[in-house]
Amino acid sequence: MSLSIRDQQQDASRIRRRIVAAGVLCIVGVAGLMTQMVRLQVVDHHHYATLSQENRIKVNPIPPSRGQILDRNGNILAENRPSYQLVATPERIPDIETMLDEVGEIIELTDAQRDGFLNRLNNSRHFEALPLRTRLDEEEVAQLAVHRHRFPGLEVDARLVRHYPQGQTGSHAVGYVGRITAQDLRRIDRSAYRGTNHIGKSGVEHAYEQVLHGEVGVERVETNAAGRVLRTLDRHPPRSGDDLILTLDIDLQEAAERALGDHRGAVVALDPDSGDILAMASQPDYDPNMFVGGMSRERFQELEDTGWQPLINRPIRGLYPPASTIKPFVGLAALEHDVIRPDTEVHCDGTYHVEGRDEPFRCWRDWGHGETDFVQGVAESCNVFFYDTAFRLGIDRMSEFLEPFGFGTPTRVDTSGERSGILPNRDWKRRALGGGWYHGETVLTGIGLGYFSTTPLQLARATAILANQGRIVEPRLVQAIRDGEAEHTTRTAASTPQERIELNDPAHWELTTEAMRAAVEHPRGTARLIGDDLDYSLAGKTGTAQVTESREDDDEKVPEHLRSHALFIGFAPAEDPEIVVVVVVENAEGGGGAAAAPVARAVTDVWVRDDPSFLEDLEAGRIDESEVEDEEDAPMELMP
Amino acid sequence: MNTSALPGSRGVGVRLSFLQSRLHLDGLLLTALFAVAAFGVAVLYSAFGEDWDQTRNQVIRVSFGFLALFACAQIPPRTLRRWAPWVFGVGMALLAAVMVTGVIGQGAQRWIDLGFMRFQPAELMKLALPLMLAWLLADHDIPPRPRRVMLALVLIAVPVALIAIQPDLGTALLVAASGFFILFLAGLGWRWILGGTALAGAAAPLLWFFVMHDYQRARVLTFLNPENDPLGAGYHIIQSKIAIGSGGLFGKGWLNGSQAHLEFIPERHTDFVLAVVAEEFGLMGVAQLLAVYLIIVGRGLYIAACAQDNFSRLLAGSISLTFFIYVLVNAGMVSGLLPVVGLPLPLVSYGGSSLVTIMAAFGILMAIHTHRRLWS
């Protein structure tokens, strides 16, 4: 339809009339709004100002109580304890200096606490209640209650504070909570954390934060003019966080930590059947309670200054070359690929030559092991046997076989901060370092050195698969989550996959176990120190990873941080394994057989026989370590 | 600033400033929008308890809004007109899709998850419906014939019903308003308007019993008598009025509102942000804010009056009036004049999607003003 100019003119003026009418209506609307505003803000201002002054109804968040953490037998690892603190709302206090002086007469208030409060005052948000004194005792609470009419704007705040009754025992596995920092605020839902001051920072406290935290509640309270709560009007209670039941056995954990003693290192004990982590020790350790109240800068510096990183959870974050502990796995690979047979012998004269290299690789025993087969090679940890085996197996088949055991990939254990380690192969080297693969590197990988690195937990998992004759387990730290409200409902947290590593000849599993038993039980086994008066069967393998390239003849002269790491992997009883143990002792005064194996034996004794006598002997220094010769896995140079 | 011709002076050359002819922006409107948005950021900073991190989010959203405005201002109204039925069709399809696949957001089905962001089809409908109706009525008789009015009413009713059952009463109300404004501006007879109002009055009981959710009924009851339930639903209105009233003539000062900072004001950074304004800046602050809103609406209506064809006139008028309804309903709700329907205060309340829609609408308004032909 086409319209004439005349029609368009008419349309335009019609619409314009309506626009004007709408404009008038808008002005009427705003006038109506302004009338209401004038009524509220001018006419009734006094009324509302009074209401505001003594606004009686306030909505407060109620923080939920954090879930407890228990060990597998119900021992408490983390709980909440009531604690009182004095908080002040600056806007409600007539004169802060006077208030501080007067409060100082009633309860103890150090200059540092005063300064700290004044400092917070400058950085605070308006109308925020600031802590003035924490950890008031009952007496002080009572004193303040008597005098509270003198101090508007002051309140005693009762809250639950995290407490770790076991102290340092199991500290790395459990982790700790600390004050919510600006960094934490960026990744959490603020409204869910209203009223909450602490958040999990490490260990399961961090990994299971969501489960432990619970849901914030709300209460409506009636307050007086000073903001003090007179009574609660109604309440939407918070939902407590769920409790975690860990797989840890705190007694075994303690045994593992005592067995390590003052040595830096890690112990992991697994139940090979379920993947339950029974113990996870990391030395040096720390007291998690230090973090709850907030740690001073000096105290933190003190921890850092030791240089040994006590906060690092070594079982999952420490990377070590597996060294000779890889030999059973490499041997198994070679058996499977028919590179060796059970009776294949290699002659060890102490050296091994690789094409293209002038310097030979050496066995730790300068004069060699003579004719050596697989069982003897594992038991006596003969390097030449495994140089030769690895060389003939080749890096591709070796790394392909080792991969399903979990080397080079995270175990996906349910706690934070795990590292993945390195399973060296051609692909990895091209990506990480560039360049081709050398025969010498294959040979070194065959004895767990070179680029190879694992976490103690990875080694434990691989050992558990060996103990299970191929059944794969996933390590886990949390066994069940218990509903914080209705205590009886329990559900399991993780399920173990039923995957297996299938061998062409299952008899090779038994042969490998036999070889590892020989390492402990045979008179020439590298772990024979712990084989005495053993009334159950223990399969094990020692390892020693040199830290420096040059080899000193006398250990005494080597500075501590350049001494070798001692390793041990094992499981017991060998026929029907109940426990897998991995021990790493950093910069040990001896090899795997002398420094690491006794720690493992102390742990298996406690678990299998409930017998602490070996542990006590070890602690008392009654285990004579000098009778074992020091194997040294690394030949002169680490790298070709 | 503005040098355009007087309304009605047809055939006289339209003179455009550089800002208008090159960037297709309108200086007065842009300045007023920017002033309100900047003021809004300052108020939010206070409402968030001086938390810059969250305030920064709003700054980012406002920036996005201005980008949307700039983009929409570049589209000539003729193009928009061609797109109108398609935009409406897509909007309807998305509304239907939200019923089928919508994920639950805030207890109501309102969103479509695009993977990288959540999209609210109801927001698109705020623009699509007036576009469609302006397209429908522009080329025909003004005022429209009854058959066309009926068709328009159906086009309004369907999307509004779909939005209302999501349930999002506030948005449904706005979408309906944007459609009725087109009809109103097109010269719908007063008999129609009065008759419709009477019909709506009669339908209210039906709405009450068969359509409204419990919480919506509670809001209406609370509105009628907030003191009845001071701790339940009435709490919002009572606390809001206390905050506003205690602000007095000049307010308690920026960052000094005790009601806001002690968290007495509910939803103080979203729907009830005006209570924070009133408490901290007093009657003077509220009056100035409303004055700027009025300038924005007035400028919008002026642009509608200057427009060169019916489509542009109707669209520009509807956009301006819908914006005004936003302000009126929100301020009325916060000050206790209207029931709580959950509409943000435009350009001030914290929140992204409605902000972007509003800015896009003002972009269209500017496009209408600055794409006028110089001679006609």
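How many residues lie between β11(A) and β12(A) in the hairpin that they form? Select both strands of this predicted model to begin. There are 6 residues between β11(A) and β12(A), and Gly275(A) in the turn has a positive phi of about 85 degrees. Helices (H or I, at least four residues) and strands (E, at least two) are DSSP runs, numbered from the N terminus.

Residues are numbered from 1 along each chain as its sequence is written, while chains are lettered from A and ligands numbered from 1 in the order in which they are written. In this predicted model, local features need pLDDT of at least 70 and side-chain atom pairs count only at pLDDT 80 or more, whereas totals for chains, interfaces and linings use all residues.

**Chain A as a whole**

Select chain A. Its secondary structure comes to 23 helices and 21 strands. Of the 640 residues in chain A, 43% are buried; a residue is buried if 20 or more other C-beta atoms, placed from the backbone, lie within 10 Å of its own. Among contacts in chain A with a separation of 6 or more, 75% join residues 24 or more positions apart. Two residues are in contact if their C-beta atoms, placed from the backbone, lie within 7 Å.

**The sheet**

Next, select the strands in the order β12-β11-β21-β20-β19 of chain A, which make an open sheet of 5 strands with antiparallel pairing. Two strands pair if DSSP finds at least two bridges between them. The edge strands, each pairing on one side only, are β12 (277–283) and β19 (539–545) of chain A. From one strand to the next, the twist averages 5 degrees.

Now select β11(A), residues 265–270. On one side, β11(A) pairs with β12(A) in the antiparallel sense over 6 bridges. Here Leu270(A) stands opposite Ile277(A), and Val268(A) has Met280(A) as its bridge partner. β11(A) is also joined to β21(A) by 6 bridges, again antiparallel, and the partner of Ala266(A) in β21(A) is Val584(A).

Why is β11(A) described as largely enclosed by the rest of the structure? The reason is that 6 of the 6 residues of β11(A) are buried. Show the side chains: Gly265(A), Val267(A) and Ala269(A) point one way, and Ala266(A), Val268(A) and Leu270(A) point the other way.

**The helix across the sheet**

Select α22(A), residues 592–609. This helix lies across β11, β12, β19, β20 and β21 of chain A, and runs at about 145 degrees to β21(A). Axes are lines fitted to C-alpha atoms, for helices over the stretch in contact, and angles run from 0 to 180 degrees between N-to-C directions.

Within α22(A), pick Arg601(A). Arg601(A) is buried, with 30 other C-beta atoms within 10 Å. Leaving aside neighbours within four places in sequence, Arg601(A) is in contact with Ile530(A) and Phe614(A).

**Where the chains meet**

Finally, show chain B beside chain A. The contact takes 48 residues from chain B and 37 residues from chain A. On the chain B side, the elements that give two or more residues include α7 (169–185) and α12 (273–306). The largest share, 12 residues, comes from α12(B).

Select α7(B) to end the tour. This helix is mostly covered, with 15 of its 17 residues buried. Gly187(B), whose phi is positive and near 90 degrees, follows α7(B).

Note on methods. A residue is buried if 20 or more other C-beta atoms lie within 10 Å of its own, exposed if 12 or fewer, and partly exposed in between; C-beta atoms are placed from the backbone.
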